[in-house]
Protein chains: 2
Amino acid sequence: MNLGRLNHVGVATPSIAASIETYRTLLGAAAIGEPFDLPAQGVKVCFIDAPNTQIELIEPYDQNSPIAGFLKKNPAGGQHHVCFEVPDIHAAVAHLKANGATVLGEPRIGAHGTPIVFVHPKDFGGMLVELMESPKGDH
Amino acid sequence: MNLGRLNHVGVATPSIAASIETYRTLLGAAAIGEPFDLPAQGVKVCFIDAPNTQIELIEPYDQNSPIAGFLKKNPAGGQHHVCFEVPDIHAAVAHLKANGATVLGEPRIGAHGTPIVFVHPKDFGGMLVELMESPKGDH
């Protein structure tokens, strides 16, 4: 297993619309995707392209959203997770479990249409890590 | 101004050595720089290369370290900031100030030897943003 590319940094926000305006005005973000809903995961998301990676803005889909708790603690929002690509999600999960890491649930389809899992922050020094199978076209 | 490349994600840790071991074991990180001290900034840092960006591990240099407070609130560590590259730090600072952002201090030399500044998290939805002038060799 080799450390894969950083697909995105996940950033929780109470308002994707307000965050888009901030990135546009202060940093000159221009390649901004259309926000879309992921009701199965309880979030709305929007990807902003930097030249080498993406920022994933994440807004709660409803009050039961898994990021509602994060925003309760951090009302303004903030960095939520980092996502690294892996060539094979099942091999990655097996490797993590074999090394004692706590993988949260089974692989499921993520915002980019490929399987993802999250790893418990306690395994990564307080940082929530998402692993995402690289889109096939990127190989 | 255009959104520049994500130079690194800054991750606070109580122990760079322990974090290196985690990234190596769980994610297969192989390109790991030698940790070094930045006493003027009150931190020790270590860069881990992903194929497209870097993780900057940050450990307090001493008790007066600017990240000592972060680790008090988050003893295990966690995501601390994101750093985007800009072609000209003074132009970036002028642009940010003209748009009402709070730039923290004057540009100073950062871990990669080029000028950097931090922008107050309140301007970026709770996220601490570092701007770093791109190394000249990268132009």
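**View 1. Arg5(B) is partly exposed, with a relative accessible area of 28%, and Glu85(B) is its salt-bridge partner.** The model is predicted: local features need pLDDT of at least 70, side-chain atom pairs count only at pLDDT 80 or more, totals for chains, interfaces and linings use all residues, and side-chain values use heavy atoms, with hydrogens and water left out. Residues are numbered from 1 along each chain as its sequence is written, while chains are lettered from A and ligands numbered from 1 in the order in which they are written. Buried stands for under 20% relative accessible area, exposed for over 50%, and partly exposed for values in between (1.4 Å probe, protein chains only). Glu85(B) is buried, at 5% relative accessible area. A salt bridge is a side-chain nitrogen of Lys or Arg within 4 Å of a carboxyl oxygen of Asp or Glu. Between Glu85(B) and Arg5(B), the closest N and O atoms are 2.8 Å apart. The two residues sit in distant parts of the chain, 80 residues apart: Glu85(B) belongs to strand E5, and Arg5(B) to the segment before strand E1 (6-12) of chain B. Helices (H or I, at least four residues) and strands (E, at least two) are DSSP runs, numbered from the N terminus.

**View 2. A salt bridge joins Lys44(B) and Glu59(B), with N and O 3.9 Å apart.** Lys44(B) lies in strand E3 (residues 43-49) and Glu59(B) in strand E4 (residues 54-60) of chain B, so the pair, 15 residues apart, links distant parts of the chain. The relative accessible area is 28% for Lys44(B), which is partly exposed, and 16% for Glu59(B), which is buried.

**View 3. Lys136(B) and Glu133(B) form a salt bridge at 3.4 Å, N to O.** Lys136(B) counts as exposed, at 58% relative accessibility. Glu133(B), by contrast, is buried at 12%. Over all chains, a search of the whole structure finds eight salt bridges.

**View 4. Helix H3 (residues 89-98) of chain B has Ile89(B), Ala92(B), Val93(B) and Leu96(B) as its buried residues.** They line one face of the helix, because they fall within an arc of 100 degrees when seen down the axis of H3(B). The arc is that of the directions from the helix axis to the C-beta atoms. His90(B) and Ala98(B), on the other side of H3(B), are exposed. The cover over the buried residues includes helix H1 (16-27) of chain A, and from chain B strands E5 (78-86), E6 (103-109), E7 (115-119) and E8 (129-133). At the start of H3(B), the backbone nitrogen of His90(B) has a side-chain oxygen of Asp88(B) within 2.8 Å.

**View 5. In helix H1(A), the buried residues are Ile16(A), Ser19(A), Ile20(A), Tyr23(A), Leu26(A) and Leu27(A).** Around the axis they cover an arc of only 160 degrees, which puts them on the same side of H1(A). They pack against strands E1 (6-12), E3 (43-49) and E4 (54-60) of chain A, and against E5, H3 and E8 of chain B. The expected span of a helix is 1.5 Å times one less than its number of residues. For the twelve residues of H1(A), that gives 16 Å, and the end C-alpha atoms are 16 Å apart, which agrees. Gly28(A) follows H1(A) and has a positive phi, near 75 degrees.

**View 6. Glu34(B) lies in the loop between helix H1 (16-27) and strand E2 (36-38) of chain B.** Glu34(B) is exposed, with a relative accessible area of 68%. From Glu34(B) to Pro75(B) the distance is 24 Å, C-alpha to C-alpha, and the two are 41 residues apart in sequence.

**View 7. Chain A contains three helices and eight strands.** From the N terminus on, its elements run β-α-β-β-β-α-β-α-β-β-β. The radius of gyration of chain A is 15 Å, close to the 14 Å that the globule rule gives for 139 residues, so the chain is as compact as a globular protein of that length. This radius is taken over C-alpha atoms, and the globule rule is 2.2 Å times the number of residues to the power 0.38. Along the principal axes, the C-alpha atoms of chain A fill a box of roughly 45 × 35 × 25 Å. Of the 139 residues in chain A, 51% are buried. Contact means heavy atoms within 4.5 Å. Among the contacts in chain A with a separation of 6 or more, 51% are between residues 24 or more positions apart.

Technical notes: A polar contact is a pair of N or O atoms within 3.5 Å; within protein, one must be able to donate a hydrogen and the other to accept it, and residues adjacent in sequence count only if both atoms are side-chain atoms.
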